[in-house]
Amino acid sequence: MTAVLGGGISGLAAAYYLKTLGSSSRILVFEASHRLGGWINSTTHEDGTVYELGPRTLRAAGNAGANTLALAESLGLTEKIISINYSHASTKNRMIQVNGKLHKLPNSLKTAFTKSPPFSKPLALYALKDLFAKKVINSDESLFSFVNRRFGLEVANYAIDPMTRGIFAGNARDLSVLSLAKRMHEVEQQYGSVLGGLLKDRKNAEKPDSALTKCELVKQARKEKWAVWSLLGGLECFVKVLEEKLLQDGIEIRRNTPVKGIKKSGRKLVVQTEEEEMEIKNLVSCLPSRNLSTIVSSVSLELATLLGSIPYTTVGVVNLEYPGHLLNEPAFGYLVPSSEPNKVLGVIFDTCTFPQGDRTILTVMMGGYWFESLFGNNPPLESLLDVAMKEVKETLKISIKPVRHKVSILKDCIPQYNVGHFERVHNSRKLIHDLKLPLTLAGNSYDGVGVNDAIMSARKAVL
């Protein structure tokens, strides 16, 4: 028997790949909560309006992007896809807020050679700094430190800092360059320069997976130059269709069934729930690392410690809906650097990417690494709504009240790949191998926090 722990997107994908790759054994998926999909969560109102509480788009680029497209095609989702190409305003126009004002980030060769506030000189001149900066030999360092060394403080402050707040809701001064920008770190260590190293080391750049490039949907995405895509009805449609496929294939999905412990039994593992113990030949864990940590301590305290050392951040998410089209300029949205006195991480212009009739929908993200210091442990939802409405009033000049809103607190939703993360994950997997445990780690705690990363992690885990 094979079991998958966790019914998020990586757990469901792992079960799918186990079945499609020819596993003949019984497959069980254990999910502690009443719903599947993890942080993928689309709220659909009676009039069809969709709010995304978690991820809202998927990138088409790279092998991970191609892998998700191939999965979508195999599930029959092609006709439900809505895509955005690289020429779309929400792809080209990305902004940051500095001193209360919005500034568009350079997005072309021309703008890279033009001085654009808040940068004090053209972005291309910061790139030149990399060619002369000294190499610092190390095994890892913070992404902020790395970019500051190679490209300068303004690039670190106004590009990297807000980017990591938008993707990780994290602090760039803690996050690992080896985990977030491994290739940049590797070429600097080898060649002494990022840009020069990338040019010299082109042979080692990621090459397209030939099996994935044969997929018709991948071909279409490449031909039409998709940047991102989603699904009609919201990204959670992906989860629902995947669930239906698993059930059709005879895979058992047990909701409301938290795993309480794991024991070793010879070459197998015993999974303990509140109601029973089951002997498992192969176990794929797609649980958050800290959740897995609490149930493997009887197998290995060292493994539990390693897994428990990966921190997580909490994010407040406020969806705001207004009548009419209220934004002056179409864009993806804007991010706020940590140097700004603002509780908000960023604001996404949802209906600029995917219009939903005569309305404006915004998503305001707040807290992250700084959540507890800004809001406390258990803030009232009204306090987050007040922050969101104040933000859009002051920055976007939207002073009317929203016709609808939804406030959510996503507790411990994003793992933080802090300095040393790559080594922690490597040591965890090595320990599992050394202990001869039939356990595989997958999901966004280890190999990338995005949906594409989680799905690819699941695929690699069962190959």
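In the predicted model, helix α2 passes helix α12 in a right-handed crossing. The two helices, α2 spanning residues 62-74 and α12 spanning residues 216-223, pack with their axes 8 Å apart and at an angle of about 130°. Angles from 65 to 115 degrees count as roughly perpendicular and those over 145 as roughly antiparallel, and α2 and α12 are therefore oblique to each other. On the α2 side, the contact is formed by Gly 62, Ala 66, Leu 69, Ala 70, Ala 72 and Glu 73. These residues meet Glu 216, Leu 217, Val 218, Ala 221 and Arg 222 of α12. By residue class, the contact of α2 with α12 divides into seven nonpolar, one polar and three charged residues.

The contact of α5 with α6 comprises three nonpolar residues, one polar residue and four charged residues.

Three strands form an open sheet in the order β5-β9-β6, and their pairing is antiparallel. Strands β5 (58-59) and β6 (81-85) are the edge strands, each pairing on one side only. Strand β9 covers residues 226-231 and is joined to β5 by two bridges, with the two strands running antiparallel. Within this pairing, Leu 58 has Trp 229 of β9 as its bridge partner.

A further position examined is Thr 273, which is located in the loop connecting β12 (268-272) and β13 (277-280). The relative accessible area of Thr 273 is 13%. Because this value is under the 20% cut-off, Thr 273 is classed as buried. When neighbours within four places in sequence are left aside, Thr 273 is in contact with Phe 30, Thr 257, Pro 258 and Lys 260.

Definitions and conventions. Residues numbered from 1 in each chain as written. Predicted model: local features only at pLDDT ≥ 70, side-chain atom pairs only at ≥ 80, totals over all residues. Heavy atoms only, no water. Pairing = 2+ DSSP bridges. Helix = DSSP H or I, 4+ residues; strand = E, 2+ residues; numbered from the N terminus. Axes fitted to C-alpha atoms, helices over the stretch in contact; angles between N-to-C directions. Parallel < 35°, antiparallel > 145°, perpendicular 65-115°, else oblique. Left-handed = near helix turned anticlockwise from the far one by under 90°. Contact = heavy atoms within 4.5 Å. Nonpolar A, V, L, I, M, F, W, Y, C, P; charged D, E, K, R; others polar. Buried < 20%, exposed > 50% of the residue type's maximum accessible area, 1.4 Å probe, protein only.
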